[in-house]
Amino acid sequence: MARLLMNPAPLPENEKKRQLRVQQLCLTEDTPDEGFDRIVATAAEYFQAPIALISILDGQRQWFRARVGMSVMETSRDVSFCGYAILGTEVMVVPDAQADERFAGNPLVTGPPGIRFYAGMPLLTDDGLGLGSLCVIDTKPRGPLNARDLSMLEHFAGLVMARIMSLYNRLRLEQDVGIRLDQGEEFVVVAADMLSPRHINDIVVTLGFTFFNALMHEIKNRIEAVLPTGTLLYKISPTRFAFLLGGQRSIDQGTLYERILQDFAAPVMCEGIPVRTQVGIGALPLSAGTFGGKDWLRFVVIAANEARDKELGWTHFDPKTDNAQQRAFALLTGLSHAVDAQDQLWLEYQPVINLTTGKCTTVEALLRWRHPTLGMVGPGEFIPLAEKTALLGPLSRWVLKKSIEQTASWRRMGFDFKVAINVSAQDLYDPTYIDMMLALFVSQGVDPKSFKLEFTESALVGDPKGVAHQLERASAAGVTIAIDDFGTGYSNWIYLRQLPASVLKIDQAFIRNLANTEKDQLLVQSIIDMSQRMGFRIIAEGIETREALDLLRGWNCDEGQGYFIARPMPPDALIQWLAVYHGKAMIGEQPDTQL
């Protein structure tokens, strides 16, 4: 009798085609997948649901490819809520299963796990086949989902489908490449990266994951229309496609790549909205013995990324690019350990002098790193890498702590120059950075007036009000605020008046060739004159010749920094330098900084 009350879902009109696709995609295999597991765990946490499932339907069974809160791995298809979900294209919500005639007699409702609330988004292929659903379940009734929750469930289902298609297509690609290599063929594997990660995020946040999936379907159709007849297109990631070209094809490969680029120069229309793509095509010739293992796939993706990021259009794989990426990975891995090591990171300090009196007014702390196997690594190489990861925060705090401790040590020795450090945009977005700085002043007994923060104008781009607030907190405590690399960013005189900065540092790009470049001379004079009229002190960095120093003094520049005055040096060497310096740069002698 209970079976009659269950009302099993009717079969979709495309059931045979749907079942065939489930078999082709190998979706009823019980192989665990970390990606699926993360998605259901996140969905369960977001919806605060005791149960979350990725359910796949074959002819007779319901298979759980990933699950939270459900002990069994499969059930009969007759009892599946998913069977109803795949009949539509939108989220199916059942607020109370006991009050729904379709499910009131369902053994999953009347018995364990005691389903009362169900919300499931069908897992739809590009051609509209419902493979199953991503669902969240509660043992208590709930009200209807709001618009945001509906959108999030669609988003999670979109992630599942992206994972399904990526796994399937990559497997097919790897198999097809392997077959060709075993047969001794020479051919080219090509990857096309269609959108940057940032662009993807903007699209999903603004238009939703359903729109994103529809967009990628339109992009796929556009690529297939350009490819030679019979060329199989593989989707190897949410925004990347791949295809194979035989080495003996009559079509010129470069011409084909240009044709794809030309086609995507026009926006892709999706649901009436034009979307511009950011295409990068990478090509990798393959033959037996050229690349071992799966490295060929990584190489062709690297080439596609390089083509997109450098706006090359298309490019062949260059081993130098891989070497650079491998080095970058090694540096990032090493940097994460360096922060906790005792002998890899240290600070050197470069003097800044008053150009009228010759007195050392400030020393700028500069980070140095000796990698245990790669040796000395310049900050120009590892700082930009750290800025792209979560490593910048710990690194910045290490510099902050060590520089304030050094300031305290020099104060106890009787020195009165300021210590300056560079602060990043990420640091200024996080209020705990300034909290830590103020706490260190107290614990180390350092007067905030002996400290200086230097930031670049680019730090204002993301959150200008938030950055200004953090700078105002530091300034209110007595810290000097300086704008670094002035002249290379926005140089907006209006916002300068709204910041608590009192110092401008003219970028060294304008100073290095000052004696020989008339345009730089006119620009630097103008910056000095206008800035001083607005009440700023001016520091010129990058002074490397006597001629540049004399010009800056003649224009009444307040302070200077550069190799002609002194190179960066460890704390002990700085003390020795101060003992012998006595303003030598001001009287025509270049101080000996190699102490």
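This report describes selected sheets, helices and cysteines of one predicted model.

## Basis of the description

The model is predicted, and local features need pLDDT of at least 70, side-chain atom pairs count only at pLDDT 80 or more, and totals for chains, interfaces and linings use all residues. Residues are numbered from 1 along each chain as its sequence is written, and side-chain values use heavy atoms, with hydrogens and water left out.

Helices (H or I, at least four residues) and strands (E, at least two) are DSSP runs, numbered from the N terminus.

## The six-stranded sheet

An open sheet is formed by 6 strands in the order β3-β2-β1-β6-β5-β4, and its pairing is antiparallel. Two strands pair if DSSP finds at least two bridges between them. At the edges stand β3 (74–76) and β4 (92–94), each pairing on one side only. From one strand to the next, the twist averages 25°; axes are lines fitted to C-alpha atoms, for helices over the stretch in contact, and angles run from 0 to 180 degrees between N-to-C directions. Within β5, Y118 is the bridge partner of V94.

Helix α3 (residues 34–47) lies across β1, β2 (61–68) and β6, and runs at about 70° to β2. Contact means heavy atoms within 4.5 Å.

Between β8 and β9 (residues 240–246) the pairing is antiparallel over 3 bridges, and S237 has R240 in β9 as its bridge partner.

## Residue A192

Strand β7 (residues 187–193) includes A192, which is buried with a relative accessible area of 2%. Leaving aside neighbours within four places in sequence, A192 is in contact with T239, R240, F241, G280 and I281. From A192 to L496 the separation is 304 residues in sequence and 44 Å in space, C-alpha to C-alpha.

## Strand β14 and its partners

Strand β14 (residues 345–354) is mostly covered, with 9 of its 10 residues buried. It runs antiparallel to β15 (residues 360–371), with 9 bridges joining the two. Y349 stands opposite A365 in β15. The two strands form a hairpin with 5 residues between them, and G358 in the turn has a positive phi of about 85°.

β14 also pairs in the antiparallel sense with β22 (residues 559–561), over 2 bridges. Here N354 stands opposite E559 of β22.

## Helix α18

Helix α18 (residues 518–533) has 16 residues and reaches 23 Å from its first C-alpha to its last, close to the 22 Å expected at 1.5 Å a residue. That expected span is 1.5 Å times one less than the number of residues. D520, Q521, V524, I527, I528 and S531 are its buried residues. Seen down the axis of α18, they fall within an arc of 135°, so they line one face of the helix. The face turned away from this buried side carries the exposed residues E518, K519, L522 and R533. G535 follows α18 and has a positive phi, near 95°.

## Cysteines

A disulfide is taken as a pair of cysteine sulfur atoms within 2.5 Å, and by this rule the count comes to 0 disulfides. C135 is in no disulfide, and the nearest cysteine sulfur, that of C82, is 7.0 Å away. C135 counts as buried at 2% relative accessibility. For C557, the closest cysteine sulfur is in C360 at 15 Å, too far for a bond. C557 also counts as buried, at 3% relative accessibility.

Definitions and conventions
Buried means under 20% relative accessible area, exposed over 50%, partly exposed in between (1.4 Å probe, protein chains only). The arc is that of the directions from the helix axis to the C-beta atoms.
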